[in-house]
Amino acid sequence: MLGALVVAASLVNVVLLVQGRSESSGNAARTAALEAAEARVPAMFSYRYVDLAADLAVAGSNTTGEFKTKYAKVLREVVLPNARKRKVSTQATVQAASVIRSTSSHAELLLFVNQATSTKTAEQPVTSATRIIVTMTKTSDGWFVSGLEPV
């Protein structure tokens, strides 16, 4: 009887230890994804028309997967010509962020982003706020944006 209790107690300890490590790993993944999004999203939404090609290259380097191709197309076909034509400069900042759900390799986050934008006709920056659901995917090089959805 005592032997069975010792074995049962040992099994409970092993299960608790494994769960604790899994939770710790999950917390680390959530934290890493959140920190990466807070750094990558402003880089994706900040640019100056005078340095546009370089800024948009940086913006695209923060993405991964199929989204990388789609985002590059939007930058090339929409952002680039309009930013040059209207002399747009914009600076994005994350005001708040939260994890909606996550695994060890994917995370869905809610970011509140402010963008201060100036143009040739409005030199004083106008600030706009937006909410974005950001999907992050872990690659061998870290966490990258694999999807964006305005809310």
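Author: Phe67 and Tyr71 are four residues apart in helix 3 (residues 65–86), and therefore about one helical turn separates them. The model is a predicted one, and the values that follow are computed from it. A pair of aromatic rings is described by two quantities, the distance of the centres and the angle of the planes. For Phe67 and Tyr71 the centre-to-centre distance is 5.5 Å and the planes are 25 degrees apart. Planes under 30 degrees apart count as stacked, so the pair of Phe67 and Tyr71 is a stacked one. As to accessibility, Phe67 and Tyr71 are both buried.

The surroundings of helix 3 begin with the sheet. This sheet is open and has five strands in the order 1-2-3-4-5, with antiparallel pairing. Strand 1 (47–48) and strand 5 (142–150) are its edge strands, each of which pairs on one side only. Helix 3 packs on the sheet and touches strand 1 and strand 5; the direction of helix 3 makes about 60 degrees with that of strand 5.

Elsewhere in the sheet, strand 2 (residues 89–102) and strand 3 (residues 106–118) run antiparallel and are joined by 12 bridges. Opposite Glu108 in strand 3 stands Arg101.

A further ring deserves mention. Phe144 has Arg40 over its face, and Arg40 lies at 3.8 Å from the ring centre.

Terms used. Residues numbered from 1 in each chain as written. Predicted model: local features only at pLDDT ≥ 70, side-chain atom pairs only at ≥ 80, totals over all residues. Heavy atoms only, no water. Phe/Tyr/Trp six-rings, centres within 6.5 Å; stacked < 30°, edge-to-face > 60°. Helix = DSSP H or I, 4+ residues; strand = E, 2+ residues; numbered from the N terminus. Buried < 20%, exposed > 50% of the residue type's maximum accessible area, 1.4 Å probe, protein only. Lys NZ or Arg CZ within 6 Å of the ring centre and 35° of its normal. Pairing = 2+ DSSP bridges. Contact = heavy atoms within 4.5 Å. Axes fitted to C-alpha atoms, helices over the stretch in contact; angles between N-to-C directions.
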